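Hello,

Please find the structure below.

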Amino acid sequence: MQITEIPRFIVHAGIFSQEDLEQLARIDRVPTDQEIDAFQFEPEVQELLNAFIGDETTRRTHQLLKAKEYLAHGELEKAWKMALL
């Protein structure tokens with residue numbers, strides 16, 4: 001995948017460094033909608049999503065920060081799932 005193929009909201013969020021974006025681009029395939037849907041029911045993910053009910057902007061920011069955290073721990077697929085929720 002090329003960095004230019006990463007969704008614009010991820011690239012332009014101001015959260016990911018160029019190195020982070022390069023790491024995201026290394027994924028073999030982006031998770032499917034079904035994989036992303038299943039991921040949202042993980043307890044850690046539910047906690048994050050429920051913490052910001054009614055505040056979409058803050059929730060999105062915290063989702064991307066969590067995705068960056070997953071990326072820092074080498075959890076590329078989880079990072080993508082969190083970013084795409």
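**What I found**

Start with Asp-20, which sits in helix H2, residues 18–25. Please keep in mind that this is a predicted model.

Is Asp-20 buried or exposed? Asp-20 has a relative accessible area of 11%. Buried means under 20%, so Asp-20 is buried. Which residues does Asp-20 touch, once its neighbours within four places in sequence are set aside? The contacts are Ile-15, Lys-68 and Leu-71.

Now step back to the whole chain. It has six helices and zero strands. Along the principal axes, the C-alpha atoms fill a box of roughly 35 × 25 × 20 Å.

Next, the inside and the surface. Of the 85 residues, 34% are buried. The chain exposes about 5,300 Å². Carbon and sulfur atoms supply 49% of that area. As for charges, there are 9 positive and 16 negative ones.

How is the chain connected to itself? Take the contacts between residues at least 6 apart in sequence. Among them, 59% join residues at least 24 apart.

One aromatic pair is present in the structure. The partners are Phe-39 and Tyr-70. Their ring centres are 6.3 Å apart, and their planes meet at 65 degrees. Planes over 60 degrees apart count as edge-to-face, so that is the label for this pair. Where do the two residues lie? Phe-39 is in helix H3 (residues 33–39), and Tyr-70 is in helix H5 (residues 56–72). The pair therefore ties together parts that are 31 residues apart in sequence. Phe-39 is buried, at 5% relative accessibility. Tyr-70 is buried too, at 4%.

Helix H3 also holds Ala-38. Ala-38 counts as partly exposed, because its relative accessibility is 47%. How far apart are the C-alpha atoms of Ala-38 and Lys-81? The separation is 9.6 Å, although the two residues are 43 residues apart along the chain.

Lys-81 leads us to helix H6, residues 76–84. Which residues of H6 are buried? They are Ala-79, Trp-80, Lys-81, Met-82 and Ala-83. The cover over the buried residues of H6 includes H1, H2, H3, H5 and helix H4 (43–51).

Ile-6 lies in the segment before helix H1 (8–11). Its relative accessibility is 3%, so Ile-6 counts as buried. What does Ile-6 touch, not counting residues up to four places away in sequence? The list is Met-1, Val-11, Leu-21, Leu-24, Ala-25 and Trp-80. Trp-80 is one of the buried residues of H6. For Ala-25, there is also a distance to note. Ile-6 and Ala-25 are 19 residues apart in sequence, and their C-alpha atoms are 7.1 Å apart in space.

Best wishes

Key. Residues numbered from 1 in each chain as written. Predicted model: local features only at pLDDT ≥ 70, side-chain atom pairs only at ≥ 80, totals over all residues. Heavy atoms only, no water. Helix = DSSP H or I, 4+ residues; strand = E, 2+ residues; numbered from the N terminus. Buried < 20%, exposed > 50% of the residue type's maximum accessible area, 1.4 Å probe, protein only. Contact = heavy atoms within 4.5 Å. Areas by Shrake-Rupley, 256 points an atom, 1.4 Å probe, with all protein chains shown as cover. Lys, Arg positive; Asp, Glu negative; His and termini not counted. Charge placed at Lys NZ, Arg CZ, Asp CG, Glu CD. Phe/Tyr/Trp six-rings, centres within 6.5 Å; stacked < 30°, edge-to-face > 60°.
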